[in-house]
Structures are given as C-alpha cells and as structure tokens.
Amino acid sequence: MEPGYLENFIQSIWDGIGGIEGKCLVVGGDGRFFNKQAVQIILKMAAASGAARVIVGQEGLLSTPAASHLIRLNEADGGVILSASHNPGGPDGDFGVKFNTANGGPAPAPVTEAIYQASATLSEYHILDAPDLDLTPLGPQRLGEMVVEVVDPVADYAALMEEIYDFQAIRALFSSGFRVTFDAMHAVTGPYAHEILVNRLGAPAASLRNATPLPDFGGGHPDPNPVWAHELMSQMMASEAPDFGAASDGDGDRNMILGRGIYVTPSDSLAVIAANAQLTPGYSAGLAGVARSMPTSSALDRVAEKRGLDCYATPTGWKFFGNLLDAGRATLCGEESAGTGSDHIREKDGLWAVLMWLNILAVRQQSVAEIMRSHWQEFGRNYYSRHDYEDLDAEAAAELIDEVRQKLDKLAGAPLGPLTVSAAEDFSYADPVDGSVTTQQGFQINFAEDARLVLRLSGTGTSGATLRVYMERFVAGPDGLDSDPQDALADVVIACEALTALRQRFGRDAPDVMT
Ligand code: ZN
C-alpha cells in the first residue's frame, strides 16, 4: 500500500520477462483487501508499457485455478494473480503478487530470478495517467491503446469442469438425497461454488457456507484445514452430518475433503483420486504418471506401484510439477498441504478436487468412509501427520538443522528410539525434463519398520522459524487400519526426539499445529 511499492514490483515483472509490448496478459485476484486498487494500478501499468490486451475478471476477481485456465485458453503470454493464498487478509493482513507464465503455471526459478535482477536495477516505472476503469460491465473497453476485456470469472472455469466431469451423474447423486456442504471461507470460491454446485448441479443454496467473498475473509484464515474450518469439521462429525463436506482456501487452489464422520488427509485424497480418476470422463483414458511433493505421504506411491504408473517425488512448491505436466510424464499431482491438481491447468485446484470426489462418489455409490476403508484394504494405510513448531528462535533452529545435517551420513543402520534407520538423505531433486537440480529440500529419514520422518525448516523471518516435522507409517492391513494416526505414529515421534531433541531444546511440550 506504500506509494510506489506495488508499482516497482510490477515494473520489475514487466522488465524481468523482457517487456510486455504487444503481449496479452490475464489479471485478477482473490478479492482480499487492496485487490481492487492493485488491479487498477496493474492495468494502467500494462497500458503504459504497451501491452496489447489484458483479460481481467469482473470486479478484479479470479481464483488462481481460473486464472491459470484463462491464460491457457486465451494463449496469453502470462498473468498476474493477486493473492496471499490461505493467509489472512485486511489492512493488517497479507497480500501477494504472483506471476504465472504462458503455460499457466507459477513462474519457475529462472523467471523469478530475472524479475529479482530487474528489481535490483530498477530506476523508473511507467503508468498511464487515467481514471479507474469500471470493471463491472462485461466485454471489451479501452485503456489508452490497450484493450481491457472484462470476463465473467466463473464461466470458462465452470465450462472446463463440465468437460472433465460427469455433471449428469453428480446431479443425479444430489437429487437422490445425497447431501453436500461446501465452505468457501468468505473467499474467492463462493461464486464458483454457487455457479457449479448450485446452478449447474442442483445442490440447494443452503449447501454453501461463507460463500460471499469478503476483503478480510470475515476475520479468519481462509485455510481449509481442521483448525480454521472447525465449523465445517464439527458439522461433518455430527450424527446428522451431510454425506460430503469440503472447503477451499483464499484463492481457490487448496481443498479439504470430509465425509460423514471422517476427515480425509490430503495425502490420502491424492491416492484415492489416483486410484479412481479413470471413473471420470476427463481421465477415462488412464493416467500418464503421478507426482507428489517429497513430504507428502507415499500412499500415492502404493497406488502407482499397483497400477504400473510412474511416480515422482519433487521438492515442495507447485512449480516443480509444471515440467512433468508439460512433458506429459504426470497427469495428477498433489501436496500434503491440501493442494491437488492435474494437467487440466498448471495450478493446484480446490473445486476440481471437490468435483473429482463427487464424480467418484456418484459412480461408486459408496460413502466417503466406505471408499477410504476399501482403499486401505486394497493398498494398505499410510498413517500420516505433520507437526509444526512455530515461532522458534531462528538461530537455534538453523543450528538444529546444521546438527542433523552433520549426522545424516552416519544414520543408516543406527537405531533412533524404537526404530532403525534404513536410509537418510538431504533431499535433492534432479528435474527429469530439464535436468535442473534443486538441493537441500529437507531431511528424509526412512526406517526399516516401514516408517518415515521428514524435517523441513520454513518461514524464517522476523517472527522466527517454523520447523515442520512430517511423520508416516505404513500398515499393510487387513488388521490395524483403524488406529488413531497420532497413536500409530508414536514411535516416529520418539525417533524424531531422539534425533533432534527439539522439544527439549525449544522447551516445547507439543507442536503448535498438528494436521
Ligand atoms: Zn491458495
């Protein structure tokens, strides 16, 4: 909001991508505080730098997946998406500017590096001196020499979903008495869910919670997890719960999936989708391959192994999936942090995942709990949990990471608490498409007991560091598939403490967040 700040940021993007003269861009955001003002500034700066055309969502709104789709649909040269994802909004909340490239995906490292370099030498920015545009009427208008095309933010995205999924089957499911509830968390997916779930699929309007986007998301975090979507959680855990519950985040790219009395972890959801996607029209030809971020549970790998699919483990961050999707090596991909998606766009996609589940439920005519049970019976269950330790002293956290790195080479074969290490590595990723190598992406420690521990440091900043501890343990079944995940993972917690002494070191009894 500081005068010139956004302008410098945007000019650095224009300069970093080699200018925008004659180019076509897509612009929109999740509706959070400052979205409207930012869109006007970006349009005037695009006009001043000679862009030919900008496609902008009505009132400046576009979900991240819808923006990715519009870039691809219109063969645009890129897009600017305004969002801070699942982080809170408002005058004291968060705001973000993302640049996506012509494939519709987040800018890869060479592009962000070029933008950063441009920012380091920036001496001026260009902006058209013009009144704000009215972004309510649909259709083209002019801003200087540039065409501004105001589009319905939902229409093209909804049409894409209708191509991928069997809407008739989902409509029949809804009219058979199947009850659904969707929580838009006062964020951008409200209008999308209304058009798709209510208008096109016939769900009652009362199925939607918090469906009007608000600049401050009603004061909450638009983060679809059991903590921030606790009202939805308690609705779904009640005896009279609907058959299916779901939520999405601020900009619509994340999802949470629930059945009556059951929460589906993002890792399990990805595995179930991989095992059942061929039941939907868009994926009836099968999958080219699948991909997950390294910390995501290997439930996906179990499906890939049985179905003869290639399975890739990438560093955390959606941009690492882009090459695999572009090269046709993977069709589906996902992250433990509630992101799931496919090659239909180049972002993760919250409503796409919700509709995938609904289409699968419509075909299989089983409850969410029944589908999970039969999945675990067939593939085994990967018990999984992430423990976050927040606001740690940054220096002490960095010290801990250094200490663990020193020990890594000597861990194989050694006991850690009740478990025995079979392999330990500092995860690095060689992109099979372009050969680029990304190093130091987290410690991965595998145990002989079919368990795994992953440690990653993130969010180093003024308020300290966050240490993420990911724990996983596989049970083949048929017995032992109904434990509480925290109980099933107790030995991995002990092993983690044996390696890091982190609870003792930071004086913590328990993690700040458990998912
Ligand atoms: Zn997001």
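Along the chain, the donors of the zinc ion follow the spacing S-x163-D-x1-D-x1-D. The model is a predicted one, in which local features need pLDDT of at least 70 and side-chain atom pairs count only at pLDDT 80 or more, while totals for chains, interfaces and linings use all residues. Residues are numbered from 1 along each chain as its sequence is written, and side-chain values use heavy atoms, with hydrogens and water left out.

**Zinc site**

- The zinc ion is coordinated by S85 (OG), D249 (OD), D251 (OD) and D253 (OD), at 2.0 to 2.2 Å. Donors are N, O and S atoms within 2.8 Å of the metal (3.2 Å for Na, K and Ca); water is not among the atoms, so sites may look incomplete.
- The arrangement is irregular because the four donor atoms subtend angles of 86 to 154° around the zinc ion. Four donors count as tetrahedral if all angles lie between 85 and 135 degrees; four count as square planar and six as octahedral if opposite donors are over 155 degrees apart and all others between 65 and 115; anything else is irregular.
- S85 lies in the loop between β3 (78–82) and β4 (97–101), and D253 in the loop between β9 (244–248) and β10 (255–259), so the pair ties together parts that are 168 residues apart in sequence. Helices (H or I, at least four residues) and strands (E, at least two) are DSSP runs, numbered from the N terminus.
- S85 is buried at 16% relative accessibility, and D253 is buried at 3%. Buried means under 20% relative accessible area, exposed over 50%, and partly exposed in between (1.4 Å probe, protein chains only).

**Domains and nonpolar cores**

- The protein chain is assigned domain 1 (5–152), domain 2 (156–379) and domain 3 (381–514), with bounds that come from an automatic or database domain assignment. The C-alpha centres of domain 1 and domain 3 lie 38 Å apart.
- The largest nonpolar core has 75 residues, of which M161, F244, W352, W357 and L358 touch the most other members. Such a core is a set of buried Ala, Val, Leu, Ile, Met, Phe, Trp, Tyr and Cys residues joined through side-chain atoms within 4.5 Å.
- Helix α12 (residues 350–364) gives the most to this core, with 11 residues. Domain 1 and domain 2 both give residues to this core, so it lies between them.
- A second, separate core of 32 residues includes I42, V80, L82 and L143.

**Contacts of two residues**

- Contact means heavy atoms within 4.5 Å.
- L173 lies in helix α6 (residues 167–175) and is buried, with a relative accessible area of 7%. Leaving aside neighbours within four places in sequence, L173 is in contact with F178, L358, L361, A362 and Q365.

**Aromatic pairs**

- The structure holds seven aromatic pairs. Rings of Phe, Tyr and Trp (its six-membered ring) pair if their centres lie within 6.5 Å; planes under 30 degrees apart count as stacked, over 60 as edge-to-face and the rest as tilted.
- F34 and F95 form an edge-to-face pair, 5.4 Å centre to centre with 75° between the planes. F34 is buried at 15% relative accessible area, whereas F95 is partly exposed at 28%.
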